[in-house]
Amino acid sequence: MRKGFLTFAAVGLLATGSMAACGDDSSSNEAGGDTAKKPKIGVILPDSKSSARWETADRRFLKAAFDAAGVESDIQNAQNDKNAFQTIADQMITSGVTTLMIVNLDSGTGKAVLDKAKSQGVATIDYDRLTLGGSAQYYVSFDNEAVGKLQGEGLVKCLTEKGVKNPTVAYLNGSPTDNNATLFKNGYDSVLKPKFESKEYTKGPDQSVPDWDPAQAATIFEQMLTQTGGKIDGVLSANDGLGNAAVSVLKKNKLNGKVPVTGQDADVTGLQNILAGDQCMTVYKAVKKEADAAAELAIAVAKGERKETGQTVKDPESGRDVPSVLLEPKAIDKATVKDVVADGYVDKAKLCTGAYAALCTANGIS
């Protein structure tokens, strides 16, 4: 991955050029942008089960960005159905979208959709997940290896604070069809592998969770506990949904709060688990900044413009350097949950309900 400059506040930092995007030899119009057309942006979100963020954050922030720009948009959710994903894409292309932005369910389905859009002169953007072997003109996401590194460092910090000697660490990885899950694992492996190799830590069960499904994660983690005779001292969970699945199993075994669990996405449940002491940390990704950067790109390429992002990510399948905007993630623990609320990402009323009200007050959430 090559980084030209930091793009945490990416909106407004993208330079406009007159050439077609992404090194495509086609004209501006062929690269997705008939300048005579009024921009219309289609967005396909993946599901609402793997993470709450897609509906609670991405949808509202993307819509707000398009509305603020006075641009028509159509945002739909495929609900983890590959056939529905392709049908939605076909309908959007037929309806005349000038840019199609997707969060793929897997690279095969994503590639088919991107290639069809490109063949119809529709500009394309990979949002949050890179489609391996795909043809998207841009990729907008977070530095996903950095996300994993924060998770690994967070787990090490929590285990150190608990004074656990030679802890056994289990992995609940994300979906094997999601390239981001691979990048997250690269990140936390960079922190934890040296500890396994030095025998400071013991490598426990390591399993991917299909479709990021929390229900499957709970079953998998129960099996892990059984397999190890209850000897799991830390859980590297790739997101808050998987983390909450682990927490629910630990509660049944009266181990919650004793075994550090990581997460990602800073959703309400994850933050509540952190306040209660059942989850060690999460990773906050400022989705509004991601959505704003993607919306700016989507509108520009719909008009046939080229944007210089100053960054690229190499597609490991095709070898193509994809122009990218990569934002910085932030580690969140009990002391910094208030930062996520202050940023407007979660609603205090939803977070600080019932038994969590006193915990919010105690941790400076006002």
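Which handedness does the link of Cys158 and Cys280 have? With 85° about the S-S bond, that link is right-handed.

## Ground rules

This is a predicted model, so to speak: local features need pLDDT of at least 70, side-chain atom pairs count only at pLDDT 80 or more, and totals for chains, interfaces and linings use all residues. Residues are numbered from 1 along each chain as its sequence is written, and side-chain values use heavy atoms, with hydrogens and water left out.

## Two disulfides

There are 2 disulfides here, a disulfide being a pair of cysteine sulfur atoms within 2.5 Å. Counting bonded cysteines along the chain, they follow the pattern 1-2, 3-4. Cys158 pairs with Cys280, S to S 1.9 Å. Cys158 sits in helix α4 and Cys280 in the loop between α8 (268–276) and β11 (282–284), so this pair ties together parts that are 122 residues apart in sequence. Helices (H or I, at least four residues) and strands (E, at least two) are DSSP runs, numbered from the N terminus. Both Cys158 and Cys280 are buried, where buried means under 20% relative accessible area, exposed over 50%, and partly exposed in between (1.4 Å probe, protein chains only).

The other bond joins Cys352 and Cys360, with the sulfur atoms 2.0 Å apart. Its torsion about the S-S bond is about -90°, so this disulfide is left-handed. Cys352 is buried at a relative accessible area of 14%, and Cys360 is buried too, at 1%.

## The largest pocket

Back to Cys158 and Cys280: along with Glu161, Gln279 and Asp333, they lie nearest the centre of the largest pocket, which has 22 lining residues. A pocket, on a 1 Å grid over the protein atoms alone, is an open set of points where a 1.4 Å probe fits, with protein on both sides within 12 Å along at least five of seven lines; lining residues have an atom within 4 Å of a point. The space in this one comes to about 370 Å³, a volume being the space filled by probe spheres set on the points, with grid points joined across faces, edges and corners.

Helix α4 gives the largest share of the lining, 7 residues. Both α4 (144–162) and β15 (330–332) supply at least two residues each. By class, you get 11 nonpolar, 4 polar and 7 charged residues; Ala, Val, Leu, Ile, Met, Phe, Trp, Tyr, Cys and Pro count as nonpolar, Asp, Glu, Lys and Arg as charged, and the others, Gly among them, as polar.

## The second largest pocket

About 190 Å³ of space lies in the second largest pocket. Helix α1 (residues 53–68) gives the most to its lining, with 4 residues.

## Aromatic pairs

The count comes to 4 aromatic pairs. Rings of Phe, Tyr and Trp (its six-membered ring) pair if their centres lie within 6.5 Å; planes under 30 degrees apart count as stacked, over 60 as edge-to-face and the rest as tilted. Phe184 and Trp212 have ring centres 6.2 Å apart and planes at 70°, so they are edge-to-face. Phe184 lies in helix α5 (residues 179–197) and Trp212 in the loop between β9 (202–208) and α6 (214–227), so the pair ties together parts that are 28 residues apart in sequence. Phe184 is buried at 2% relative accessibility, and Trp212 is buried at 6%. Elsewhere, ring pairs link Tyr171, Tyr188 and Phe196 into a cluster.
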